[in-house]
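Keep the sequence and the structure side by side as you read.

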Amino acid sequence: MEENKKDNIIETESDENEKEINIDFPELSSEARAKRIYEAAKTYYNGDGTEVDYRKAFLLFENADSAGADIESCYYIFMGDARQKGEYVKRNYNKAIYWYNKAIEKGKSLVMSVKAKSSMILINTIRHTRIS
């Protein structure tokens, strides 16, 4: 397992050859840690003060979600799209649907909910086409 640590961000290579990322802030409460990870993810997603890095943003959003951060639905859509298309991370339709469902649960925007639902329909169509 390869490890690369920079500015409290720890990147590792998992057994599946997919990069994983964690952030090490032992001095923070779990709520503050989740918020810090989420803010780091948005920084890489938007390129605020750094180069845009969607792979790193995806991994940080995933980590922020696991830590309990309150993530906006548009970022869940990004994560679902990345998993559906195999961009920045390995394609995984089940995980794509999981992220789209999270976007729908947030439900603050009708447009985001429609996007998530239509993406799930597309995935199910792809699955059905492969079976037939």
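Buried means under 20% relative accessible area, exposed means over 50%, and partly exposed lies in between (1.4 Å probe, protein chains only). This is a predicted model, in which local features need pLDDT of at least 70, side-chain atom pairs count only at pLDDT 80 or more, and totals for chains, interfaces and linings use all residues. Residues are numbered from 1 along each chain as its sequence is written, and side-chain values use heavy atoms, with hydrogens and water left out.

Start with I37. This residue sits in helix α1, residues 30-46. Helices here are DSSP runs (H or I, at least four residues; strands are E, at least two), numbered from the N terminus. I37 counts as buried because its relative accessibility is 0%. The C-alpha atom of I37 is 5.3 Å from that of A64, although 27 residues separate the two along the chain.

V52, Y54 and Y88 make a nonpolar patch of about 250 Å². Patch residues have over 30% relative accessible area and no salt bridge; like charges are joined within 9 Å, nonpolar side chains (Val, Leu, Ile, Met, Phe, Trp, Tyr) within 5 Å. Areas come from the Shrake-Rupley method with a 1.4 Å probe, and for residues only the protein chains shown count as cover. Y54 belongs to helix α2, residues 54-67. Its relative accessible area is 31%, so Y54 is partly exposed.

Next come the charged pairs. How many salt bridges does the structure hold? There are four. The term requires a side-chain nitrogen of Lys or Arg within 4 Å of a carboxyl oxygen of Asp or Glu.

One of them joins E62 and R83, at 3.7 Å from N to O. E62 lies in helix α2 and R83 in helix α3 (residues 73-85), so the bridge ties together parts 21 residues apart in sequence. E62 is partly exposed, at 23% relative accessible area. R83 is buried, at 2%.

Another bridge pairs K102 with D65, whose closest N and O atoms are 3.2 Å apart. K102 is in helix α4 (residues 93-106) and D65 in helix α2, so this pair links distant parts of the chain, 37 residues apart. Are these two residues buried or exposed? Both K102 and D65 are buried.

D70 and K106 form a further bridge, with closest N and O atoms 2.2 Å apart. D70 lies in the loop between α2 and α3, and K106 in helix α4, so the contact ties together parts 36 residues apart in sequence. D70 is exposed, at 55% relative accessible area. K106 is partly exposed, at 24%.
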